[in-house]
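Keep the picture open beside you as you read.

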Amino acid sequence: MKIQKSAFWISLFLFALFILFLQNYCYNFFFADDYHLLRYVTDAKRASSFKEQFSLLIDLHNEHRIIFPRLFTLLAYTIEGFINWKTFNVISLFYYLGICWIFNLFFEKLKLSAWYFLPVPLLLFQPIAHENIYWTISVLQQVGNLFWAMLLFWLISNPSKKYFYSSFLVGFVLTFTHGNGLFGLVIAGLMLFISGRTKDLLKWSIFTLTLFLLYFYQYRSGQNSNVSQSLQHIDMLLRCLLTFWGSMAWQFTNRYVVSNIIAAIAGAMIVLPLSFILGRYLYFKILKPKAILDDRHLFLVACFGYLLITSALVALSRAWIGSEAGLDNRYAHNSFWALALLYLTLLLDIPKFFQKSLGILAILTAFTINLFGWYSSTLKLKYQFDNQRAEAFNYRVNGVIFKESPAFNHNIAKTLALSYKEDISRFTDFDLDVLHSLKNPNITIEKDSTLRLGVVPTTTIIQDAKNPIKLVSYLIEAQSFPYNDETFLMLHSDKNNYLISVEHKHGSKTDLLFKGKYFGDGFFTTFITGNLPKGKYQYAIVQKNDKTYKITLLEQFLEI
C-alpha cells in the first residue's frame with residue numbers, strides 16, 4: 001500500500017503541473033464538433049416532451065451514441081449556469097489522471113519501488129496529442145473511452161461480486177461514451193470465459209446482447225466511414241492500423257512520407273512484443289488449462305485487445321483516406337498509452353535481474369518524450385488558443401466561424417445564435433472587440449510598403465466518404481516579422497475585419513538554452529476564403545503592446 005501511495009503522489013504532482021500549464025491554453029469558445037454538445041443542451045432545453053429529450057440524447061454523432069458526453073455537458077451547464085468551455089475542457093482532462101490511476105492499481109500488484117512507475121505519468125502527462133487539450137468532445141470520447149474500458153477490465157479481472165456488479169454500470173457508460181465500447185463488453189465477456197466464471201458470463205452475455213440491440217436501433221454509418229473502399233487496399237489498411245499504434249513518430253518527424261514509414265515501424269515494435277507475450281499467456285490459459293500461469297496478465301490482455309480492435313476499426317472506417325488516417329493528432333495519446341502498457345507488460349515478464357535496467361531506460365525515454373512534447377507542442381497550443389479568441393471575435397462581429405466551411409456555418413447558425421440568446425453560451429472575453437473598427441483610440445495604425453508576406457494559393461479538402469469538398473485556401477508566411485505574444489493576421493475591408501491566428505516559429509536552440517527564448521521571429525498561417533463576402537481585402541498584421549493594438553497595413557490585397 002505504501003508503494004502504491006508513493007507512486008500515486010508522484011503521478012498527482014506531475015498531473016498538477018500538466019493541468020496548471022495547460023489551463024492557460026483552454027478558452028471559452030467551442031471548437032469544431034464540440035458544437036454537437038452545445039446543440040444537445042440548447043435543443044434539450046426547448047424540448048417539449050420526455051420522448052423528444054430522449055431522442056436528442058441517443059441521437060447518433062457520426063457512428064457513436066454519445067449519451068454521456070452529452071450528459072456531462074448538461075451537468076457542466078447546470079452547475080455553472082452556462083457552458084464555460086474553458087472550465088469544462090480543464091475538467092475533462094482529468095480522464096488522463098484516471099487512466100494513470102488504473103495503471104497505478106496494476107503497478108501495485110508488481111510490488112516494485114515507486115520509481116519504476118515514473119515512466120507512466122511522464123508518457124501520459126504531456127501535450128503531444130495537443131488536439132485533445134482544447135477539443136472537448138475528443139477528450140470526452142477518445143480519452144474517456146480508454147478510461148472507462150480500463151476501469152471495466154480492472155473490475156472484471158478482480159473476482160469480487162461487488163466489482164462484478166459495478167462493472168455493469170461502467171460497461172453502460174463505456175458503450176454510450178464511444179461506440180468502440182461495445183467491443184469492450186465483448187472483451188469483458190471473454191475475460192469471464194477465460195476465468196471460468198460461467199454464471200457471471202451468462203449474466204454478462206444477456207447484458208451485452210441487450211446493449212447491442214439498443215445501440216444499433218435505427219443505426220446509420222458515419223459520414224467519414226467507408227469500409228468497402230478501405231478493404232480494397234489491404235496494404236493501406238495494415239499500414240493505417242500500425243500507424244495508429246505508432247502515431248507518436250509523426251509528432252517527432254512531421255514529414256509526410258518518412259513519418260508514415262517510421263510510424264508503421266514504431267507501431268509494429270509495440271504490437272509485436274505485446275502480441276507475443278500476451279498471446280503466449282492466452283495460448284496456455286485456453287489450451288493448456290493445467291499450466292501454472294500469472295493471471296495478472298489478464299488485465300493487460302484485455303487492454304491490448306481493446307486498443308487492437310480500436311485501431312482495426314479506425315483502419316476499416318478511415319483507411320480509404322490513406323495510411324495517414326491513423327496519424328490524426330487526436331489519436332496520438334493512444335500511442336503513448338500503448339507504450340506505457342508495453343512497459344508494464346515487460347516489467348511483469350522479464351527476469352528481476354533486468355527490471356532495474358528496463359526501469360532506468362524507460363525513465364530516460366519517457367523523460368525525453370515528455371520534454372520534447374512540451375517543446376514541440378506549446379507552439380500548437382498557443383496557436384489554437386489564439387485561434388479560439390479570433391474565432392470568437394469573428395463570430396461576434398461577422399457571424400461566422402472563419403476557418404470552418406460555409407456548410408458548417410450554415411448548419412450551426414440558428415442553434416448557435418439561440419444558445420447565446422438564451423445564455424447557454426456566454427462570451428467572457430471581449431478584449432479583441434476594439435478591432436471591430438479601426439477608428440478607436442486604443443488602436444495605432446501604420447503602413448508598411450516594404451514588408452511582404454508570402455502568399456501561396458492552396459486547396460483544403462474536407463474529407464467525406466460520399467462527397468469530399470474542396471475549398472479555396474491560402475498559406476501565409478512572414479519570414480522575419482518580430483515576435484509578439486499577441487499577433488494576428490487581419491483581412492481588412494471598409495465593411496469587415498476578420499482575424500486569423502498565426503503559428504509562431506521556434507527560436508534557435510542556443511537562444512532557448514542561454515536566453516530562455518522559446519519563440520522566434522516570423523510566423524505562418526492558413527485560411528479558407530469561403531466565408532468572405534465579395535470585395536477587396538487588405539492584409540494587415542495586428543500586435544498588442546501593453547493596452548494598445550498596433551495595426552500594420554501592408555501593400556498586399558486579396559480580391560474575392
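Ile 424 has a relative accessibility of 0%, so it counts as buried. Keep in mind that you are looking at a predicted model. Who are the neighbours of Ile 424, once you leave out residues within four places in sequence? They are Leu 38, Val 41, Thr 42, Lys 45, Tyr 77, Phe 82, Ile 83 and Ser 419. Lys 547, on the other hand, lies 30 Å from Ile 424 in space, C-alpha to C-alpha, and 123 residues from it in sequence.

One of those neighbours, Tyr 77, takes us to another part of the chain. Tyr 77 is one of the buried residues of H4, along with Ile 67, Phe 68, Pro 69, Arg 70, Thr 73 and Ala 76. Look at the spacing of those numbers with this in mind: an α-helix makes a turn every 3.6 residues, so residues three or four places apart point the same way. H4 covers residues 67-80, and its 14 residues should span 20 Å at 1.5 Å a residue; the end C-alpha atoms are 20 Å apart, so the two agree.

Now step back and take in the whole chain. It contains 21 helices and 11 strands. A compact globule of 560 residues would have a radius of gyration near 24 Å, and the chain has 25 Å, so the value agrees with that expectation. Along the principal axes, the C-alpha atoms fill a box of roughly 85 × 65 × 50 Å. Of the 560 residues, 56% are buried. Take the contacts between residues at least 6 apart in sequence: 76% of them join residues at least 24 apart.

Phe 393 sits in helix H19, and at 0% relative accessibility it counts as buried. Which residues does Phe 393 touch, not counting those up to four places away in sequence? Asn 398, Leu 432, Asp 433, Leu 435, His 436, Asn 497 and Leu 499. Ile 133 is 260 residues from Phe 393 in sequence and 21 Å from it in space, C-alpha to C-alpha. Our other spot, Thr 552, is in strand S11 (residues 548-559). Thr 552 has 3% relative accessibility, so it counts as buried too. Beyond four places in sequence, Thr 552 is in contact with Glu 446, Asp 448, Tyr 539, Ala 540 and Ile 541.

So much for the residues; what about the gaps between them? Rolling a probe the size of a water molecule over the atoms shows where empty space is left. Searching the whole structure turns up 3 cavities of 30 Å³ or more. The largest cavity holds about 100 Å³ of space. It is lined by 13 residues, and those closest to its centre are Tyr 96, Leu 123, Leu 124, Ala 129 and His 333. Helix H6 (94-110), H7 and H18 each give two or more residues to this lining, with H18 giving the largest share, 3 residues. By class, the lining has 11 nonpolar, 2 polar and no charged residues.

The second largest cavity has about 60 Å³ of space. Among the residues that line it are Tyr 25, Phe 29, Asp 34, Trp 85 and Gln 388. Its lining divides into 7 nonpolar, 3 polar and 1 charged.

Our last stop is an open space, the second largest pocket, with about 430 Å³. Its lining has 20 residues, and Leu 339, Leu 342, Ala 362, Thr 365 and Ile 369 lie nearest the centre. Helices H7, H15, H16, H18 and H19 each supply at least two residues of this lining, and the largest share, 6 residues, comes from H19. What kinds of residue are these? The count is 18 nonpolar, 2 polar and no charged.

H18 has 18 residues and reaches 26 Å from its first C-alpha to its last, close to the 26 Å expected. Of those 18 residues, 16 are buried, so H18 is largely enclosed by the rest of the structure.

Methods:
Residues numbered from 1 in each chain as written. Predicted model: local features only at pLDDT ≥ 70, side-chain atom pairs only at ≥ 80, totals over all residues. Heavy atoms only, no water. 1 Å grid on protein atoms, 1.4 Å probe; cavity = no way out; pocket = protein on both sides within 12 Å on 5 of 7 lines; lining within 4 Å. Points joined across faces, edges and corners; volume = space filled by probe spheres on them. Helix = DSSP H or I, 4+ residues; strand = E, 2+ residues; numbered from the N terminus. Nonpolar A, V, L, I, M, F, W, Y, C, P; charged D, E, K, R; others polar. Expected span 1.5 Å × (residues − 1). Buried < 20%, exposed > 50% of the residue type's maximum accessible area, 1.4 Å probe, protein only. Rg over C-alpha atoms; globule rule 2.2 N^0.38 Å. Contact = heavy atoms within 4.5 Å.
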